[in-house]
Amino acid sequence: MRGVYSSVTDIRRKIFTEIARMAYDGDYSVIEELPYKIIPGEVATYRESIFLERAIVGERLRLAMGLPLRPVDQHTILSTGISESAIAEKYYEPPLINIIKFACHACPDNVIKVTDACQGCLAHPCKEVCPKGAIDIINGRSIIDQEKCIKCGLCIKNCPYGAIMKMERPCAKACGMDAIQTDEHGHADIDYDKCVSCGMCLVNCPFGAISDKGQIFQLITAMNQGYSVVAAIAPAFVGQLGPKVTPEKLKGAMKAIGFEDVVEVAIGADLCTIEEAEDFLEKVPNQQPFMGTSCCPAWSVMAKKLFPEFKSYISMALTPMVLTARMIKQDHPHCIVAFIGTCAAKKLEASRKSVRSDVDFVLTFEEVMGMFEAKDIHFDDFTETEELTGASADGRGFAISGGVAQAVVNCIHQEHPDLDVKVHAEESLQKCRQMLKDAKKGIYDGYLLEGMACPGGCIAGAGTLQSIVRAKGAVNKFKNSSDMKGSQESEYAGRLKELVED
């Protein structure tokens with residue numbers, strides 16, 4: 001549903017705006033009033049009850065501040081825990097991805113259903129092809145016995161009118177880890193042993209029942225307390241804040257909401273490219289049959305969870321986010337680094353023990369847009385330009401599926417122009433899983449494998465503001481404007497060793 005502005009999108013953005021406004025003002029007592037501000041009036045607009053609508057908004061407000069969901073069976077005020085969360089550092093209590101159970105529609109899952117389009121035809125091929133005799137013709141219409149149905153789909157394929165459909169939970173269908181289950185009340189439930197926090201369930205739930213936890217409240221608290229906060233902005237940023245915020249105006253716009261400076265994570269992508277190119281040349285095929293890229297945390301965790309025998313085959317290179325954060329903190333030891341991107345899984349990556357000292361906060365573009373709205377920033381007001389410099393076209397191309405592998409190949413060819421580097425790239429965890437299944441059979445021996453959890457790459461992450469097609473065009477245009485084409489040309493390339501050893 002990315003790129004479609006819906007009521008779910010509207011409510012999400014109002015929540016981020018109000019949390020940002022509350023954080024900037026420093027008056028946390030207004031939290032109890034916010035559900036009434038976001039859902040005004042007396043008549044329900046989206047659900048059967050306005051009280052239910054406000055209760056759901058209340059939980060989403062808490063999650064946006066990093067607070068846990070309240071227990072449904074206990075009386076707890078909305079502001080419970082808010083004082084403890086008003087700190088100038090990361091406030092995170094797992095899990096990252098949460099289902100608001102009373103917002104869940106209890107969608108039917110994996111049900112084959114005959115629709116009203118059934119014409120009661122004479123041939124009734126649906127009945128003839130069913131291997132379990134689950135279809136009967138009653139009053140001229142096909143009826144499926146759900147207890148007999150094995151969901152093989154033959155009836156769907158053979159209905160001449162397309163009158164039979166398979167109903168699946170949108171969140172479960174989008175989950176490449178099969179982590180969405182059904183609880184005893186028919187609501188969606190997450191198996192956190194399987195979940196990799198990619199956020200695809202979040203953006204595919206049409207009821208807005210799934211949300212990740214945010215850090216916008218703590219980030220603004222840090223700004224209010226006078227900390228120097230530097231934004232490390234992901235390569236997918238181009239166009240995310242609207243057409244008026246060009247790359248040249250980005251620094252000015254970000255400084256207007258409290259950031260001290262802005263650094264492209266594409267610089268870290270250049271460094272990651274060099275490290276992965278060296279790893280590939282050293283290890284494939286001498287030490288291992290193939291190598292997987294490291295920059296997408298959801299793909300990397302998925303590979304290690306489902307294919308533990310391949311754990312050492314996923315590159316150990318630090319991700320662009322971490323490399324950029326380390327570089328920033330080397331230059332500004334007392335600053336706070338906030339990674340700004342599209343990715344929900346980056347929030348989880350930044351909470352790892354090995355990373356948390358490098359990256360202080362992770363926000364999505366949606367959350368940052370809430371900061372702009374809270375500050376009532378008008379992008380037309382920005383006339384001064386301050387170009388982003390230092391990154392190559394290859395580094396900026398990390399945002400798009402296939403861009404990471406292409407950057408590594410280009411880097412290898414700078415030193416070994418005649419070397420044939422075989423590459424296979426996949427997007428979405430479902431396809432990435434199949435890629436590793438094929439790798440298990442030896443199909444990709446000698447290959448560099450790129451995995452991206454989101455269909456389209458980082459430009460399609462859970463925190464995007466633009467359609468995938470539009471975002472891809474904007475990134476490509478900015479990428480092609482770079483004076484530097486390869487990672488080796490980056491002015492920061494010489495710092496890789498000290499950053500890795502830091």
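Colleague: Which residues in α1 meet which residues in α15?

Modeller: Please keep in mind that this is a predicted model. On the α1 side, T9, R12, R13, F16, T17, A20, R21 and Y24 take part, and they meet E366, E367, G370, M371, E373 and A374 in α15. By class, this contact comprises 5 nonpolar, 3 polar and 6 charged residues.

Colleague: At what angle do helix α1 and helix α15 pack?

Modeller: Helix α1 spans residues 7-25 and helix α15 spans residues 365-374; they pack at an angle of about 60°, and their axes are 7 Å apart. The two helices are therefore oblique to each other. As for handedness, the crossing of α1 and α15 is right-handed.

Colleague: How do the axes of α12 and α18 cross?

Modeller: Helix α12, residues 297-306, and helix α18, residues 429-440, have axes that come within 11 Å and cross at roughly 45°. That angle makes α12 oblique to α18.

Colleague: Which residues make the contact of α12 with α18?

Modeller: From α12 the contributors are A298, W299, M302, A303 and L306, while α18 brings L429, C432, R433, M435 and L436. Sorted by class, the residues of this contact are 9 nonpolar, no polar and 1 charged.

Colleague: Which residues lie nearest the centre of the largest cavity?

Modeller: Its lining consists of 22 residues, and those nearest the centre are C295, C296, C343, K346 and C458. Two elements, α13 (320-331) and β12 (336-341), each supply at least two residues of that lining. By class, the lining of the largest cavity has 17 nonpolar, 4 polar and 1 charged residues.

Colleague: What volume has the second largest cavity, and what lines it?

Modeller: The second largest cavity has a volume of about 120 Å³. It is lined by 16 residues, of which C118, C121, C126, S142 and C159 lie nearest its centre. The lining of this second largest cavity divides into 11 nonpolar, 5 polar and no charged residues.

Colleague: Let us consider the backbone. Where is a peptide bond cis?

Modeller: P95 is placed in the loop between α4 (82-85) and β1 (97-99). A cis peptide bond also joins V284 and P285, with omega about 0°. P285 sits in the loop between α11 (266-283) and β11 (291-292).

Colleague: What is the phi of A106, and where is this residue found?

Modeller: A106 has a positive phi of about 55°, although it is not a glycine. This residue is found in the loop between β1 and β2 (111-114).

How values were computed
Residues numbered from 1 in each chain as written. Predicted model: local features only at pLDDT ≥ 70, side-chain atom pairs only at ≥ 80, totals over all residues. Heavy atoms only, no water. Axes fitted to C-alpha atoms, helices over the stretch in contact; angles between N-to-C directions. Helix = DSSP H or I, 4+ residues; strand = E, 2+ residues; numbered from the N terminus. Parallel < 35°, antiparallel > 145°, perpendicular 65-115°, else oblique. Contact = heavy atoms within 4.5 Å. Nonpolar A, V, L, I, M, F, W, Y, C, P; charged D, E, K, R; others polar. 1 Å grid on protein atoms, 1.4 Å probe; cavity = no way out; pocket = protein on both sides within 12 Å on 5 of 7 lines; lining within 4 Å. Points joined across faces, edges and corners; volume = space filled by probe spheres on them. Left-handed = near helix turned anticlockwise from the far one by under 90°.
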